[in-house]
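Let's take a walk through this model together, strand by strand and helix by helix. Have the viewer open and follow along.

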Amino acid sequence: MEMRHKVETHIGKKMTMHVLHVVGARPNFMKAAPLIHALQEKSQVRQTLVHTGQHYDANMSDVFFEQLAMPKPDVNLGVGSGSHARQTAEIMSRIEGVMTECRPDMVLVYGDVNSTVAAALVCSKLMIRVCHVEAGLRSFDRSMPEEINRIVTDRLADLLFTPSEDGDLNLKSEGVAAEKVHLVGNVMIDSLIRLLPAALAIPRNGFPEEYALVTLHRPSNVDDGATLLKLIESLVAIDNQLNIVFPVHPRTRQRMSGVEADLKRLHLLEPMPYIEFLALQRRAKVVITDSGGIQEETTYLGVPCLTLRENTERPITVEMGTNVLVGQDPNRLCAEVTRILNGNGKAGGIPPLWDGHAAERIASVLCSSSV
Ligand code: UD1
């Protein structure tokens, strides 16, 4: 475990309330950054940042810290990859010592990754208050590891911050006390709004004028060779009409090495930094993805999104936004791409409170809640 500096040195200065953030995987970073910044404005707060090391490649982690202007983690647990049980257990056993040494007043956990649920479990047993940012989302599909992480984290959390009203309704139906739940909006969109001008200033760098941007990493799409082959073959077919630009997640890269398809046809890239990826999304004709966060970002940007899943924990992106669920059906995917190319893509609006100020609202709740 790497301790950059001893945990007594913190992001903030003079203070009375100690907030510890736990991040671990790529989608955590853009959610934590705006909250760290909002809490830096509160003189009574000191902050500690713990990185579990779930994502460890420079292009999955370090570059996000730089672009999002996040402080260096005070502690890096360096857990790395492993099976779900092993990774979660490793995070739990390594983070317990940090928590007992730091005894923060509250711990903020983000989203639905293994680092989120591991930290929530440890803290709740140490009687440290757990605050879950991006609470209440449900796909109602327990074959997704993230759904298990969401349910358990929300069960344990003392304060739950939801991005949209469906989250409040889900928590209510699960019996979570209303006073613990705060509808604050979408912190991921805070980061997007702050960095969109930087993204728009990036030159096109030789990318085609019109293209479909693709991301793919869900176990249900990439872990089974036959499913992955079918999806890649449909992308190759789409490439006849529209260039495919595809930054490849490390998990998918490993799985693709065994797939016999005409991969050379596609523009395969390494995982992209946040700002460059935002520029690619904003300029795409259509985004084809199985990511959760990208469904939200495309809705905010008004870019058509085709989601390669049967369900979503973010239904507001379908109800209000530009998102269409196409599952794993190649015909459906190709038909939707054609529809978009014909100018009939789904138009959408921006959900309430996705306004760049969600983190400020969370910071206000935290500072007014009793420690
Ligand atoms: C995790 C999250 C998922 C999130 C995704 C975003 C869980 C359960 N899943 O999935 O919700 O959408 O991150 O990226 O927490 N790897 C590297 N370098 C890295 C990180 C991972 O090579 O920096 C490889 C490892 O071989 C690893 C595989 O990618 O086995 C998967 O990584 P892991 O963190 O286990 O899950 P993700 O699929 O990234």
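Which residue in E11 does Phe246 stand opposite? Phe246 stands opposite Leu268 in E11. Before going further, a word on the ground rules: this is a predicted model, in which local features need pLDDT of at least 70, side-chain atom pairs count only at pLDDT 80 or more, and totals for chains, interfaces and linings use all residues. Residues are numbered from 1 along each chain as its sequence is written, and side-chain values use heavy atoms, with hydrogens and water left out.

Now to the sheet. Six strands form an open sheet in the order E11-E10-E9-E12-E13-E14, with parallel pairing. Its edge strands are E11 (267-269) and E14 (323-325), each of which pairs on one side only. From one strand to the next, the twist averages 20°. Helices (H or I, at least four residues) and strands (E, at least two) are DSSP runs, numbered from the N terminus, and two strands pair if DSSP finds at least two bridges between them.

Let's look at E10. Three bridges join E10 to E11 in parallel, and three bridges also join E9 to E10, again in parallel. Here Leu213 has Val245 in E10 as its bridge partner. Four of the five residues of E10 are buried, so E10 is largely enclosed by the rest of the structure; buried means under 20% relative accessible area with a 1.4 Å probe, protein chains only. Elsewhere in the sheet, E13 (residues 305-307) pairs with E14 in the parallel sense over three bridges, and Cys305 stands opposite Asn323 in E14.

Next come the helices. Helix H9 (residues 225-238) lies across E9 (211-214), E10 (243-247) and E12 (286-289), running at about 140° to E10. Helix H11 (residues 274-283) lies across E9, E10 and E12 as well, at about 135° to E9. Angles run from 0 to 180 degrees between N-to-C directions, and axes are lines fitted to C-alpha atoms, for helices over the stretch in contact. Contact means heavy atoms within 4.5 Å.

Finally, turn to H7 (residues 187-200) and H12 (residues 292-301), whose axes come within 10 Å and cross at roughly 50°. That makes H7 oblique to H12, since angles under 35 degrees count as roughly parallel, over 145 as roughly antiparallel, 65 to 115 as roughly perpendicular and the rest as oblique. Where they meet, Met188, Ile189, Leu192, Ile193 and Leu196 in H7 face Gly293, Glu296, Glu297, Tyr300 and Leu301 in H12.

Terms used. Buried means under 20% relative accessible area, exposed over 50%, partly exposed in between (1.4 Å probe, protein chains only).
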